[in-house]
Amino acid sequence: MEPPTSSRLNSRKRRKDGSGPNGATELDGIPPKMCRRSFGLREPAPFSDEVEIDYSKPYIRVTYEEAMRGTPLDRPVRVYADGIFDLFHSGHARALMQAKNLFPNTYLIVGVCSDELTHNFKGFTVMNENERYDAVQHCRYVDEVVRNAPWTLTPEFLAEHRIDFVAHDDIPYSSAGSDDVYKHIKEAGMFAPTQRTEGISTSDIITRIVRDYDVYARRNLQRGYTAKELNVSFINEKKYHLQERVDKVKKRVKDVEEKSKEFVQKVEEKSIDLIQKWEEKSREFIGNFLEMFGPEGALKHMLKEGKGRMLQAISPKQSPSSSPTHDRSPSPSFRWPFSTKTPPSSPANRSRNKSAVTYDISEDEED
């Protein structure tokens, strides 16, 4: 069973015999990649009155399907986007980026309304029309800028600039006595919707400035603007200068408080480190003291050992009882002839010869 045509059109498989990019064929319905014609990538976009248009060729508007498939290089899809673009911001740039990327080959024309129209229909602007023109010119997605653009688009204007589609957000824009100024564009099938960027708009930026008016007035006074340039009265000028001095004093006090807190924190950290080190040293000292002077300390063993050595040095050495005794042989004595008495001896020899005398006497008795 063959797959349906829709799945066949959405198929992205590579085909060897395909003639398009990545093997795609005409049946795949994949628009070929087109080079974008853009003056704004290297230089500011030109104004519409500076661009020559060949009016000899008839103006035939392309359909949405043809634009999505891709048009020839010499016939880009001409998309028009208009606005005030006051205080040009990222929301404006994102809207123009979406308009530029609506089709593979897009030529983006941006219309900027003049000060007169804007002040009559919307309100006063911060930037004048020349500043707003210049801001849009330097957006990278813009190919052409229309100055003094109309508030409501007419068929004559669309034909003059050969516009194929008009890009804007889909929210109805009520102005100039109309509920939606783009209603006739939507009915003609020329409307291409874009998405708004939430959280950023010209009105939001102005609201921030008005809300913090005193802050920004003081800011510009500090940067050298005069009170006359800022439309600030003499009293308010002095008030702002006084507030600035008070803020400086508060900042100095705050800096001193922060520095004092840091100093106290450092002192606390150092004190904690010193206490920890002191505890470690005290434990080490107590351990060494007990090891030296405790009940079983090294000092007691040293005293015992010294006492034993002293006693050993004082007391004489005794011969062991088990050692054999040797009898000393009597020394020979000289006898007087025909006498039993020994010759006189010195007192020192008397004790040594005592045994010999005894021996001699015993021999005389035996004789």
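Student: Which helix is M302 found in?
Tutor: M302 is found in helix α11, where helices are DSSP runs of H or I with at least four residues, numbered from the N terminus. Keep in mind that this is a predicted model, in which local features need pLDDT of at least 70 and side-chain atom pairs count only at pLDDT 80 or more, while totals for chains, interfaces and linings use all residues. Residues are numbered from 1 along each chain as its sequence is written, and side-chain values use heavy atoms, with hydrogens and water left out.

Student: And is M302 buried or exposed?
Tutor: M302 is exposed, at a relative accessible area of 52%; the term exposed applies over 50%, buried under 20%, and partly exposed in between, using a 1.4 Å probe and protein chains only.

Student: Which residues make the nonpolar surface patch?
Tutor: F285, I286, F289, L290, M292, F293, L299, M302 and L303 make a patch of about 930 Å², given that patch residues have over 30% relative accessible area and no salt bridge (a Lys or Arg side-chain nitrogen within 4 Å of an Asp or Glu carboxyl oxygen), with nonpolar side chains joined within 5 Å and like charges within 9 Å.

Student: Which helix gives the most to it?
Tutor: α10 does, with 6 residues, although α10 (234–293) and α11 (298–314) each supply at least two.

Student: New topic: how many disulfides are there?
Tutor: The count is 0 disulfides, a disulfide being a pair of cysteine sulfur atoms within 2.5 Å. As for individual cysteines, C113 is buried at 4% relative accessible area, and C139 is buried at 6%.

Terms used. Areas by Shrake-Rupley, 256 points an atom, 1.4 Å probe, with all protein chains shown as cover.
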